[in-house]
Amino acid sequence: MVEKTLEVLNRAGIHARPASMISSVASKFLSDITIEKGTMKINAKSIMGVITLGATYGTKLKLYASGPDESEAANTIEGLFKNRFRE
């Protein structure tokens with residue numbers, strides 16, 4: 001299992017477009033990918049789940065990936081966050 005701490009760096013936070021990007025990228029991997037905010041844990045492959053996190057600028061999230069391509073999955077999603085979802 002791979003675990004990463006991610007920070008929302010784009011000013012608008014995770015709204016519909018970034019949530020769509022996260023779920024779209026996560027769905028390309030075989031691994032189980034979850035994102036955790038406080039006590040809330042969601043499936044990263046679900047756009048509605050990602051939106052319900054309500055992650056605003058500066059929010060820290062935990063990413064967990066478990067499966068055959070876990071490292072690639074975690075690194076790719078981390079790249080979205082570091083790139084500020086191309087905003």
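Biologist: What makes the pattern along the sequence β-α-β-β-α-β-α?

Modeller: Helices are DSSP runs of H or I with at least four residues, and strands are runs of E with at least two, numbered from the N terminus. By that rule the chain has three helices and four strands, and reading along the sequence gives β-α-β-β-α-β-α.

Biologist: Why is the chain called as compact as a globular protein of that length?

Modeller: The radius of gyration, taken over C-alpha atoms, is set against the globule rule, 2.2 Å times the number of residues to the power 0.38. For 87 residues the rule gives 12 Å and the chain has 11 Å, which is close, so the chain counts as that compact. This is a predicted model, where local features need pLDDT of at least 70 and side-chain atom pairs pLDDT 80 or more, while totals for chains, interfaces and linings use all residues.

Biologist: How much of the chain counts as buried?

Modeller: Buried means under 20% relative accessible area (1.4 Å probe, protein chains only). Of the 87 residues, 44% count as buried.

Biologist: What puts Arg11 over the face of Tyr57?

Modeller: A charge sits over a ring if NZ of Lys or CZ of Arg is within 6 Å of the ring centre and within 35 degrees of the ring normal. Arg11 lies over the face of Tyr57 at 4.1 Å from the ring centre. The charged end of Lys41 likewise sits over the ring of Tyr64, 4.6 Å from its centre. Residues are numbered from 1 along each chain as its sequence is written, and side-chain values use heavy atoms, with hydrogens and water left out.

Definitions and conventions. Buried < 20%, exposed > 50% of the residue type's maximum accessible area, 1.4 Å probe, protein only.
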